[in-house]
Amino acid sequence: MPEPIVSLNEESLKADLRELVRRTVEEMLNGLLDEEADDLVCAERYERTADREAYRAGHYERKLTTTSGEVAIRMPKLKGMRFTTAIIERYRRRETSVEEAMIEMYLAGVSTRRIEDVSEILWGSSVSAATVSNLNEKAFASVEEWRNRPLDRAYPYVYVDGIYLKRSWGGSYENVAVMVAIGVNDDGYREVIGAAEGFTESAECWREFLSWLKSRGLRGVRMFTGDKAAGMVGSIAEVFPGAAYQRCTVHFYRNVLSKVPKSKRPKVAAMLKAIHAMESREASEAKALEVASELEKSKLGEAAKVVREGYAETLTYTRFPREHWRRIRTNNAIERLNREIRRRTRVVGTFPDGNSALMLVTARLKYVAESEWGSRRYLDVTLLEG
């Protein structure tokens, strides 16, 4: 009598294995979170010790999307101390860096065979060409979902800027602008709230970018800080009529210094910085006019003209709490991100199209935003209430 043939439902087996991996990740993360909470409290549950700094107060649940699937995270609540976790941030950074690596390899034109080899290092086992394609699609989908997420809180301060990358177009190369926005939320933390392709930083592009941010829920903006790009100021007034505009003082200095001989730039730079070192708007205005007069006496009429015509829009920050001045009068909050973007995109060189550039830029922004960069309080926004 022939032995019965054993048949396996391959799809069912794969689904069971995926669920097993997902549950393992979920249990591991929740176990690590509880251990982390015990370390912060300096005591086990119900333990009485002289070193105890807080008390456990249950859990609250949140979802975390991982490459193993969506897992339910039971975040510990503490009395007497705010629970901040390094475990989840480290895990998310690892996941995000994998997504970014896949996108970067794809955009850089790495062969499928080579990606298979690299995937063995990243995931511990080699994957097929079809799987590489699926992973790229998942990575792009994850990044795009994050880029279009709803903005469900107020952002009193928003920084905007554009960064230019190279793309191929009809056999030639041209610049493509990726427009980026950072918001300081109503708890005082920085978030990357927008990234979009802008072709050129025209009035139409800025209007579309700001309208897109508004459609996703951007509200409560008291001031935008940015360079005086073409069309930016008018678009801000049109889309967010209640928000003020602050011209980045660093960009203002660069515009003035471009009209000054190299030998005189150090002295003029010190004069310009003195304008924004004053203790009041009135004092800064007086200093700006004094600087313009000094430049005229030194036969630097073009530089003096830039100062006279532009200093007023660099002093908008003086309407806000003095403790915020240093951080809201420049676009420095966005400069580090731009350096990160350039460092990452340099390995690609020229992008096949604007969307490819946008995806890699957004992947890098997502990675940085979910690191320590976004976990440190940037401003005490409660000062705005006064």
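Analyst: Start with what counts as a helix. Helices are DSSP runs of H or I, at least four residues long, numbered from the N terminus. Keep in mind that this is a predicted model.

User: How far apart are Phe209 and Trp212 in helix α5, in helical turns?

Analyst: About one helical turn separates Phe209 and Trp212, because they are 3 residues apart in α5.

User: How many aromatic pairs does the whole structure hold?

Analyst: The search finds 6 aromatic pairs. Phe209 and Trp212 form a tilted one, 6.0 Å centre to centre with 35 degrees between the planes. Phe209 and Trp212 are both buried. Ring pairs also link Trp206, Phe209 and Trp212 into a cluster.

User: Why is the pair of Phe252 and Tyr253 called tilted?

Analyst: Planes under 30 degrees apart count as stacked, over 60 as edge-to-face, and the rest as tilted. The planes of Phe252 and Tyr253 stand at 50 degrees, so the pair is tilted. Their ring centres are 6.3 Å apart.

User: Are Phe252 and Tyr253 buried or exposed?

Analyst: The cut-off for buried is under 20% relative accessible area. Phe252 has 0%, so Phe252 is buried. Tyr253 has 13%, so Tyr253 is buried.

User: Next, helix packing. What describes two packed helices?

Analyst: Two numbers do: the angle between the axes and the distance between the axes. Here, helix α5 (residues 203–215) packs with helix α6 (residues 232–239) at about 35 degrees. Their axes are 8 Å apart. The crossing of α5 and α6 is right-handed.

User: Which residues of α5 and α6 meet?

Analyst: From α5 come Ala203, Trp206, Arg207, Leu210, Ser211 and Lys214. From α6 come Met232, Ser235, Ile236, Glu238 and Val239. The residues of this contact divide into 6 nonpolar, 2 polar and 3 charged.

User: Now a charged residue. Is Arg190 buried or exposed?

Analyst: Arg190 has 10% relative accessibility, so Arg190 counts as buried. Arg190 lies in strand β5 (residues 190–197).

User: What does Arg190 touch, leaving out residues up to four places away in sequence?

Analyst: Its contacts include Ile182, Gly183, Val184, Ala333, Trp373, Gly374, Arg376 and Tyr378. Take Gly374 as one case: Arg190 and Gly374 are 184 residues apart along the chain, yet their C-alpha atoms are separated by 5.5 Å.

User: Which backbone atom does the side chain of Arg190 reach?

Analyst: The side chain of Arg190 reaches the backbone oxygen of Trp373, at 3.3 Å.

Notes:
Residues numbered from 1 in each chain as written. Predicted model: local features only at pLDDT ≥ 70, side-chain atom pairs only at ≥ 80, totals over all residues. Heavy atoms only, no water. Axes fitted to C-alpha atoms, helices over the stretch in contact; angles between N-to-C directions. Helix = DSSP H or I, 4+ residues; strand = E, 2+ residues; numbered from the N terminus. Left-handed = near helix turned anticlockwise from the far one by under 90°. Contact = heavy atoms within 4.5 Å. Nonpolar A, V, L, I, M, F, W, Y, C, P; charged D, E, K, R; others polar. Buried < 20%, exposed > 50% of the residue type's maximum accessible area, 1.4 Å probe, protein only. Polar contact = N/O pair within 3.5 Å; in protein donor to acceptor, adjacent residues only side chain to side chain. Phe/Tyr/Trp six-rings, centres within 6.5 Å; stacked < 30°, edge-to-face > 60°.
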